[in-house]
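Dear colleague,

Here is the structure I promised to pass on, together with its sequence. My notes on what I found follow below it.

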Amino acid sequence: MLVLGLDVSFTRTGLVWLEWDKTLARPCLFKQHTITIPPGEWRLGRAQHAFFTHLQVQNCRPDLAVIEGSIQRAGRYSRGAEAKRGIKVLTMLQELNGVFKAVLDHFKIPTLESSPTHMKKLIAMKGTADKALVAQEIRERFKIEFPGDEKKGFDLYDAAGMALVGLNKRGMPL
């Protein structure tokens, strides 16, 4: 089983494909990729084209894709301009998620959306774990590493966490 984990962002989107190794009884890294879209016009379209092209050219279609859902409480604990900015960012991320889901739908790849909290509970046993702890758990428990990703925002580790959620949903014990 091949599962694609996506950590979608306007600055740097992490894509990690994991497969279940039956002999080792653990997940193994199959492939990794990042999509970076510089600011400018048609940003959603450029992100969609980059993802579509990568899936089409690389011919590495997963059995399942797990995309990180965005936070649901934007603006709940803030007021005024800060709340408006949080809601705007949430809306933009939801639009971007929709663009990636449309590409997955085009290739008929089943999609699952998981919250960051659920992924953190599965990987680090704590829903409020920070990115560094999640990365450490992925390195130690699953022997999967992305050197230098810590300096770039942990996008590949977050995507790997999403892929691990997908493997777990498909019955692979973590």
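In what follows, two residues are said to be in contact when they have heavy atoms within 4.5 Å. Please keep in mind throughout that this is a predicted model.

To begin with the overall picture, the chain has five helices and five strands, and from the N terminus on these elements run β-β-β-α-β-α-β-α-α-α. For 174 residues a compact globule would have a radius of gyration near 16 Å, and the chain, with 16 Å, agrees with that. Its C-alpha atoms fill a box of roughly 55 × 35 × 30 Å along the principal axes, and 44% of the residues count as buried. Among contacts between residues at least 6 apart in sequence, 62% join residues at least 24 apart.

As for the surface, the chain exposes about 9,500 Å², of which carbon and sulfur atoms supply 53%. There are 26 positive and 18 negative side chains, and the centres of these two sets lie 4 Å apart.

The element I looked at in detail is helix H3, residues 116–124, whose buried residues are Pro-116, Met-119, Leu-122, Ile-123 and Ala-124. Seen down the axis of H3, these buried residues fall within an arc of 160°, so they line one face of the helix.

Conventions: Residues numbered from 1 in each chain as written. Predicted model: local features only at pLDDT ≥ 70, side-chain atom pairs only at ≥ 80, totals over all residues. Heavy atoms only, no water. Helix = DSSP H or I, 4+ residues; strand = E, 2+ residues; numbered from the N terminus. Rg over C-alpha atoms; globule rule 2.2 N^0.38 Å. Buried < 20%, exposed > 50% of the residue type's maximum accessible area, 1.4 Å probe, protein only. Areas by Shrake-Rupley, 256 points an atom, 1.4 Å probe, with all protein chains shown as cover. Lys, Arg positive; Asp, Glu negative; His and termini not counted. Charge placed at Lys NZ, Arg CZ, Asp CG, Glu CD. Arc of directions from axis to C-beta.
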